[in-house]
Amino acid sequence: MLVEKLKPIIARYEEITALLLNPEITSNIAKLTELSKEQSDIAIIADKAREYIATLQSIQDNKMLLEDKELGELAKEELKSLEETKTQLKEEIKLLLIPKDPNDNKNIYLEIRAGTGGDEAGIFVGDLFKAYCRYADLQKWKVEIISSSENNVGGYKEVIALVKGNGAYSKLKYEGGTHRVQRVPETESQGRVHTSAVTVAIMPEVDDVEVVINPNDLKIEVFRAGGHGGQCVNTTDSAVRITHIPTGISVSMQDEKSQHKNKDKALKILKARIYEAEIKAQQSQNAQNRKVQVGSGDRSERIRTYNYPQNRLTDHRINLTLYSLEEIMLGGGLDQIINPLIANAQSQAMGNLTD
């Protein structure tokens, strides 16, 4: 019963209110701060809970008056209004009861890699990255490229960026997976539609206290960087590869001329990947039907399809189809996908709560 879930919250709020008047608490700044924060966190739901319980009581009281000759009609009208209030409050409370994702306000590492499709996949990596950058700009977030590997036609084999901003993870966490694109490449003389795929991973930035790595569990290799990095980069052992032996997770970094800077960047990404792997393991235990963010990059393992000839975008997880692909790829239209994905996740979580 929903009421049984709400009573302990009300009781805890009242308990904290009493504790905050206790001289022993008011003289302890740390405890006072902790309790004040907890009270603030549950204040809204405690108020809604009291209103909901009072509404249920009013419904019962009015039902008892239905047979009254003088008050029956008035009670009937009042019941109609009370039932509407009850329904509205119940939905609001269910939303408030959804456990908060502790990562929602964190910065993220955004990784986009070319999958099947050759050069065209690499070009779409660049297009998708630009769309996310424009969206980040509209959200007043900052994007810092950590590592990138370009292909020969103006695209990327992969790009890794740190997106800094309040709510970055909460907005973009459902972007992880395989994205399939269907369009006519510029190099296609016959006008044939080409299908390719890229993979996206979204990982929360983590603090050192959240992921503790035993140095003995790391295999660190240095090697000579390749690609376009200047004479210094290409002639010194500045590139770094770090492998976490227990998990097999590996990160290579060669963008910086300094071996120390490459190592520092690689360690941060490694911690984020390990943390994300732990999250996936927990989610797998709690919900066996949850899909892993990134598959093999094969066209068939897709969460979303971008069909350029028809200006159509389809998110296969929620059966959402939009005919505004051009607007979406400009960044501003991404909320047309992001908001329904968030709403769907909230709806599923609310479905676990009963009256």
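1. Tyr 135 is buried, with a relative accessible area of 1%, where buried means under 20% relative accessible area, exposed means over 50% and partly exposed lies in between (1.4 Å probe, protein chains only). Tyr 135 forms an aromatic pair with Trp 141 that is edge-to-face, with 5.8 Å from centre to centre and 75 degrees between the planes. Trp 141 is itself buried, at a relative accessible area of 8%. Rings of Phe, Tyr and Trp (its six-membered ring) are taken as a pair if their centres lie within 6.5 Å, and planes under 30 degrees apart count as stacked, over 60 as edge-to-face and the rest as tilted.

2. A word on the source of these values: this is a predicted model, in which local features need pLDDT of at least 70 and side-chain atom pairs count only at pLDDT 80 or more, while totals for chains, interfaces and linings use all residues. Residues are numbered from 1 along each chain as its sequence is written, and side-chain values use heavy atoms, with hydrogens and water left out.

3. For the chain as a whole, the secondary structure comes to 10 helices and 11 strands; helices (H or I, at least four residues) and strands (E, at least two) are DSSP runs, numbered from the N terminus. Of the 355 residues of the chain, 40% count as buried. Among the contacts with a separation of 6 or more, 61% are between residues 24 or more positions apart, a contact being heavy atoms within 4.5 Å. The accessible surface of the chain is about 20,000 Å², and 49% of that surface belongs to carbon and sulfur atoms; accessible areas come from the Shrake-Rupley method with a 1.4 Å probe, and for residues only the protein chains shown count as cover.

4. How many aromatic pairs does a search of the whole structure find? The search finds two. One of them joins Phe 124 and Tyr 306, which are edge-to-face at 5.0 Å centre to centre, with 65 degrees between the planes. This pair links distant parts of the chain, since Phe 124 is in helix 5 (residues 119-138) and Tyr 306 is in strand 9 (residues 304-307), 182 residues apart. Both Phe 124 and Tyr 306 are buried.

5. A charge also meets a ring in this model, as Arg 183 lies over the face of Tyr 308, at 4.8 Å from the ring centre. The criterion is that NZ of Lys or CZ of Arg is within 6 Å of the ring centre and within 35 degrees of the ring normal.

6. The backbone deserves a look at Lys 140, which has a positive phi of about 65 degrees although it is not a glycine. Lys 140 is placed in the loop between helix 5 and strand 2 (142-150), and Lys 140 counts as exposed because its relative accessibility is 74%. Asn 319, also a residue other than glycine, has a positive phi near 55 degrees. Asn 319 lies in the loop between strand 10 (312-315) and strand 11 (320-322), and at 69% relative accessibility Asn 319 counts as exposed.

7. Is Gln 39 buried or exposed? Gln 39, whose place is in helix 3, is buried, with a relative accessible area of 16%. Leaving aside its neighbours within four places in sequence, Gln 39 is in contact with Tyr 13, Ile 16, Thr 17 and Leu 20.
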